[in-house]
Amino acid sequence: MGSALASDGVYLPDTVRTAVKLLIVGHFAVGKTTFVGTLSEIRPLRTEETMTQAGASVDDLSGVNGKSTTTVALDFGRLTLSDDLVLYLFGAPGQQRFTQIWKDIAYGALGALVLADTRRLENSFEVMGLLEELGVPYAVAVNEFDGAPTFPTEELRDALDLLDETPLVFCDARDASSSTQALIALVDYLLTRTQETV
C-alpha cells in the first residue's frame, strides 16, 4: 500500500523499484543549483551559503555578475520518470576545495552531466578530469547564459577536447524543457554504453 502522502509528490509510490543516481557538475557559478532546482519535482535540498569577503581570494567572481551565494556541500533533487523508475540528481560544488565531497557524492553515480559556460570553458577541464579519474561517464551541456558568446558545436568540441562519443548539447538551466533535453542526452549516452557492454 502506498503512502498516504504519495499523491502530493513528496513521497515515492511503493511501485518504484529502480533509483538512478546522476551527478550535475561543473565549475563554480555555472548553474548547477539552478539546473537541479528547475528539474526537481520536490523542493530541492540546497546547501547555499552567503559568500563572504574571506572567500574573495578563493572564489573567482570575474565574469560572474550578481552571485552572492555558493553551494558548500550539495544540491539534491528528484525526478520520477515512471511508476517504477526515479532519478536522483546530485549537484556537486564547483570549487577545488570541495574535491573530497565531490568524490563522496560521485560514489554509485551512473553518470554525470557537466555544465559548461562559454565565457570560462577552460574551467571545465578540472571537472572533466576528475570524472575521468573516478571513471564516471559524462555528457557536456553548454549552459547558455544571457550575453555569453556562442560558437559552432565543432569548435566547442575541439576546445573542450571531447571524445567523439561524448555528447555535447546546449541548454538553459532555467528552462525545464531545455534542461530535460540535456538530461535525456546524458541518459541516452549511458544506455548506449550499457548496451555496448552487454
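This is a predicted model: local features need pLDDT of at least 70, side-chain atom pairs count only at pLDDT 80 or more; totals for chains, interfaces and linings use all residues.
**View 1. Overall arrangement of the protein chain.** The protein chain contains five helices and seven strands, where helices (H or I, at least four residues) and strands (E, at least two) are DSSP runs numbered from the N terminus. Their order from the N terminus is β-α-β-β-β-α-β-α-β-α-β-α. Of the 198 residues, 44% count as buried; buried denotes under 20% relative accessible area, exposed over 50%, and partly exposed in between (1.4 Å probe, protein chains only). Among contacts (heavy atoms within 4.5 Å) between residues at least 6 apart in sequence, 73% join residues at least 24 apart.

**View 2. Strand E6 and its two covered faces.** Six of the six residues of E6 are buried, so the strand is largely enclosed by the rest of the structure. Tyr138, Val140 and Val142 lie on one side, and Ala139, Ala141 and Asn143 on the other. In a regular strand the side chains alternate between the two faces of the sheet.

View 3. E5 (residues 111-116) and E6 run parallel and are joined by five bridges, with leucine 115 partnered by alanine 141 of E6. E5, helix H3 (residues 124-134) and E6 form a right-handed β-α-β unit; a crossover is right-handed if, with the strands pointing away from the viewer, the path from the first strand over the helix to the second runs clockwise. E6 and E7 also run parallel, with four bridges between them. The chain passes from E6 through H4 to E7 in a β-α-β crossover that is right-handed.

**View 4. Helix H2 and the residue that follows.** The buried residues of H2 (residues 99-106) are Trp102, Ile105 and Ala106. Seen down the helix axis, these residues fall within an arc of 100°, so they line one face of H2; the arc is that of the directions from the helix axis to the C-beta atoms. Glycine 108, which follows H2, has a positive phi near 85°.

**View 5. The salt bridge of glutamate 41 and arginine 78.** A salt bridge is a side-chain nitrogen of Lys or Arg within 4 Å of a carboxyl oxygen of Asp or Glu, and the count by this rule is six. Glutamate 41 and arginine 78 meet at 2.7 Å, N to O. The pair links distant parts of the chain, 37 residues apart: glutamate 41 is in the loop between helix H1 (32-39) and strand E2 (45-50), and arginine 78 is in strand E3 (residues 69-82). Glutamate 41 is partly exposed at 36% relative accessibility, whereas arginine 78 is buried at 6%.

**View 6. Salt bridges of arginine 174.** The side chains of arginine 174 and aspartate 146 meet in a salt bridge at 3.3 Å, N to O. Arginine 174 lies in the loop between E7 (168-171) and helix H5 (176-197), and aspartate 146 in the loop between E6 (138-143) and H4 (153-160), so the pair ties together parts that are 28 residues apart in sequence. Both residues are exposed. Arginine 174 also forms a salt bridge with aspartate 172, the closest N and O atoms being 2.9 Å apart.

Methods. Residues are numbered from 1 along each chain as its sequence is written. Side-chain values use heavy atoms; hydrogens and water are left out. Two strands pair if DSSP finds at least two bridges between them.
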